[in-house]
Amino acid sequence: MDIASFFRLDGRVALVTGGSRNIGRWIAQGFIAQGAKVYISARRAEDCFATAEELGPNCIALPQDVSTVAGCQALAAQLAEHESRLDILVNNAGTAWGEAFETFPEKGWDKVMDLNVKSPFFLTQALYPMLKAAGAAGQPAKVINITSIDGQRLNPWETYSYQTSKAALIYLTKRMAARLVADNINVTSLAPGAFPSQMNRAARDHGDEVARAIPARRIGIPEDMAAAALYLAARSGDYVIGETLTVDGGLVSASCGVSIDAD
């Protein structure tokens, strides 16, 4: 039994949305280290190209705004110019909105739901032929949706559309998994806890304080996210379908008290 090979991605092609920074970048970097060719997409072209240059020749930038169906279709068309198949899709692009209940606006609902729920569905749909071309009985293609522990439990802040979107994406993962497994495409999700990022400024700017509420007594580091994504993407995760892997230092399942929010 060659355990080391279970975590290799040699010859695989991956696409990571929101791949220019934070969680998306860490995942892309982990995939590249294990042998994959990784395409990253982000709305800001300059950031996308800069990250691709930093991550090396096996990282290719495909800037695109996937917040609309047209953007999802455009990204799929861009990728098809370079590849005939897609082994791994990571739906990581996301956004948040926090505002008091009394003033929470429609745009704060629509922006979050469109990018966090609608786009993962329609991007996967647009890439379905390439994912199907890659999938085989002994080596399924993978779709990994980046959800959040905020879709599993309440946080103390008024992020109405964000929490709803992540809970919806967790369930959408199950629904998509049930359909796509017949085509040798496994769909799963990763639910991060407190990782330092632009979206989670509490963990980024007040990590020590946030860590006190986490059973593991620390916030997440890039290797935690990269390793979890690698597990699902590689041979190691071939028998995991429709599940959400929570990566949060025990906050959701091993915590007895109210905690500081983590995305």
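Me: How is the packing of two helices, such as α1 and α8, to be read, and at what angle do their axes cross?

Reply: Two packed helices are described by the angle between their axes and the distance between the axes. Axes are lines fitted to C-alpha atoms, for helices over the stretch in contact, and angles run from 0 to 180 degrees between N-to-C directions. Here the axes of α1 and α8 cross at roughly 60° and come within 8 Å. The two helices are therefore oblique to each other; angles under 35 degrees count as roughly parallel, over 145 as roughly antiparallel, 65 to 115 as roughly perpendicular, and the rest as oblique. This is a predicted model, in which local features need pLDDT of at least 70 and side-chain atom pairs count only at pLDDT 80 or more, while totals for chains, interfaces and linings use all residues. Residues are numbered from 1 along each chain as its sequence is written, and side-chain values use heavy atoms, with hydrogens and water left out.

Me: Which hand does the crossing of α1 and α8 have, and which residues meet there?

Reply: A crossing is right-handed if the near helix is turned clockwise from the far one by less than a right angle, and left-handed if anticlockwise. α1 passes α8 in a right-handed crossing. Contact means heavy atoms within 4.5 Å. From α1, the residues I23, W26, I27, G30 and F31 meet P222, M225, A226, A229, L230 and A233 of α8. By class, this contact of α1 with α8 holds 10 nonpolar residues, one polar and no charged. Ala, Val, Leu, Ile, Met, Phe, Trp, Tyr, Cys and Pro count as nonpolar, Asp, Glu, Lys and Arg as charged, and the others, Gly among them, as polar.

Me: How do the axes of α1 and α2 cross?

Reply: The axes of α1 and α2 cross at roughly 30° and come within 11 Å. That makes α1 roughly parallel to α2. Their crossing is right-handed. R25, A28, Q29 and I32 in α1 meet T51, E54 and L55 in α2, a contact with three nonpolar, two polar and two charged residues.

Me: Which residues touch the most other members of the largest nonpolar core?

Reply: A nonpolar core is a set of buried Ala, Val, Leu, Ile, Met, Phe, Trp, Tyr and Cys residues joined through side-chain atoms within 4.5 Å. Buried means under 20% relative accessible area, exposed over 50%, and partly exposed in between (1.4 Å probe, protein chains only). The largest core has 33 residues, of which I27, F31, V38 and L190 touch the most other members. Among the elements that give two or more residues to this core are α1 (22–33), α2 (45–55) and α8 (222–233). Helices (H or I, at least four residues) and strands (E, at least two) are DSSP runs, numbered from the N terminus. Among the residues that L190 touches are M225 and A229.

Me: Where does R217 lie, and is R217 buried or exposed?

Reply: R217 is found in the loop between α7 (207–211) and α8. With 58% relative accessibility, R217 counts as exposed. Phi of R217 is near 65°, a positive value in a residue other than glycine.

Technical notes. Lists of a residue's contacts leave out its neighbours within four places in sequence.
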